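Have the viewer open as you read.

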Amino acid sequence: MTVALPTDPCFERPVRIPNRDGHPLRVVELLATGSNGGAQEHLYSLLTRIDRDRYDVSVVVLTDGSAVRRLERAGVSVCVIDEADDERAVAALTAHLIGARADVLHNHMYRAEIIGTRAALAVGAAVGRKPLVVSTVHSSRVRADIDQNLLRALTPSMDRLIAVSRAIVDKIHLERRDGAPIELIYNGVDLERYDHQGPCCTLHEEYELEADCQLVGVVARLEPEKGHHTLLEAWPSVVERIPSACLLVVGEGSRREALEAQALDLGIVGRVVFTGLRDDIPAVTAALDVAVLPSYREAQGLTILEAMALSRPVVATNVGGIPEMIEHEVTGLLVEPHDPAGLADAIVRLLVDHPFADTIGRAGHDLVHERFCIEGMVRSVEEIYDEAVATPVVPDLAAG
């Protein structure tokens with residue numbers, strides 16, 4: 001008797017129709033900025049998992065930054081067009097796309113959508129064939145009317161919009177960008193990095209923390225929308241009830257000095273550590289007793305998914321795409337934004353009630369495996385790329 005072994009849908013490989021000419025599909029990824037963030041993490045995950053035999057991928061970035069070096073270290077070809085003037089950026093990208101004979105142009109972030117789509121149209125006018133234009137909407141930011149009008153005018157020239165959450169689908173409809181089909185593809189977690197990762201063992205020594213310190217952490221850019229201000233407001237209440245609690249603020253951004261000043265004013269400097277950027281985020285996340293994301297707006301919240309993959313109990317705000325990942329009191333705790341008291345209560349609950357924290361940590365881990373693995377995301381994007389060379393079925397006119 002043969003017993004069918006259970007399969008993990010994250011690792012099932014698709015069956016692909018061969019490319020028409022037998023050569024890899026030429027894909028150019030256009031990234032608006034080379035700094036660190038969710039879009040850059042998404043692109044890195046995509047390009048380190050995509051089928052390199054089937055897809056010849058390269059990247060163009062419209063400003064330099066640390067993400068460029070990270071992609072290059074991963075063996076990805078990167079071209080930087082550091083041109084502030086849109087007209088010159090469009091001209092440079094048009095020439096690059098023609099030289100690369102791009103089959104697909106995949107835009108990431110607002111300026112990439114504008115520059116990339118205009119360049120793709122120019123390529124079509126110059127050589128008679130426009131590359132397939134795909135745009136991923138990564139941000140929940142509501143842009144100015146003039147920006148929305150420009151996006152709306154260009155959207156019919158895009159072949160597909162990718163939304164990273166249902167909240168982003170709603171945003172696209174709200175902006176009246178219905179001129180292109182919309183595909184919902186959640187960002188995925190690289191389970192090879194986040195599923196069996198051991199905790200960083202040096203954090204207590206690095207930051208001179210007590211051995212019994214309970215670690216709560218937020219991994220996010222230090223920007224206003226990420227909600228660090230509310231988390232710091234909540235922290236005195238947490239420390240009052242859990243004196244051993246210590247907060248790790250992981251990341252860099254424009255608000256660092258202001259947040260450090262706020263911590264000083266609140267008298268919590270000894271219980272808060274600003275770590276800056278770290279290159280061992282999986283290990284740091286694995287060391288947390290509770291992971292927090294106190295954002296005021298969020299497209300999806302990839303760092304929370306990463307914590308869930310590591311079975312870390314999570315607290316996050318009930319905004320944007322976050323409630324699509326977290327079911328309250330099942331896979332995590334949801335709190336309202338700008339509510340320091342509610343945030344403090346949720347953190348304390350998880351630090352005190354260890355059985356409950358373990359239960360939702362395991363449930364979060366299972367959910368990521370079922371719905372949010374990187375392999376599923378990559379397969380969905382590859383299917384869109386394949387449309388660039390899909391051969392239409394030609395009816396047999398002699399039949400019948």
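## Strand 5 and its surroundings

Strand 4 (residues 104–108) and strand 5 run parallel, with five bridges joining them. One of the pairings to look for is N107, whose bridge partner in strand 5 is S135. Keep in mind that this is a predicted model.

Strand 5 also pairs with strand 6 (residues 160–163), again in the parallel sense, over four bridges. There, V134 stands opposite R160 of strand 6.

Why is strand 5 described as largely enclosed by the rest of the structure? Six of the six residues in strand 5 (residues 132–137) are buried, so the rest of the structure largely encloses it. In a regular strand, side chains alternate between the two faces of the sheet. Here both faces are covered: L132, V134 and T136 are buried on one side, and V133, S135 and V137 are buried on the other.

## A residue in helix 4

R111 sits in helix 4. Setting aside neighbours within four places in sequence, the contacts of R111 include A32, L62, E83, D85 and D86.

## Helix 9

Now for helix 9 (residues 228–241). At 1.5 Å a residue, its 14 residues should span 20 Å, and its end C-alpha atoms are 20 Å apart, which agrees. Helix 9 does bend by about 30° at W235, with a proline, P236, following within four residues.

Which residues of helix 9 are buried? They are H228, T230, L231, L232, A234, W235, V238 and V239. These buried residues pack against several elements, among them strand 8 (214–219), strand 9 (245–250), helix 10 (256–266) and helix 13 (340–352).

The chain averages a pLDDT of 91, and 92% of the residues score at least 70. Two stretches are another matter:

| Stretch | pLDDT | Contacts beyond four places in sequence |
|---|---|---|
| residues 1–8 | under 50 | two contacts |
| residues 391–400 | under 50 | one contact |

Where pLDDT is low, the predicted coordinates should not be read in detail.

Methods:
Residues are numbered from 1 along each chain as its sequence is written. This is a predicted model: local features need pLDDT of at least 70, side-chain atom pairs count only at pLDDT 80 or more; totals for chains, interfaces and linings use all residues. Side-chain values use heavy atoms; hydrogens and water are left out. Buried means under 20% relative accessible area, exposed over 50%, partly exposed in between (1.4 Å probe, protein chains only). Helices (H or I, at least four residues) and strands (E, at least two) are DSSP runs, numbered from the N terminus. Two strands pair if DSSP finds at least two bridges between them. The expected span of a helix is 1.5 Å times one less than its number of residues. The bend at a residue is the angle between axes fitted to the seven residues ending there and the seven starting there. Contact means heavy atoms within 4.5 Å. pLDDT is the predictor's confidence in each residue, from 0 to 100.
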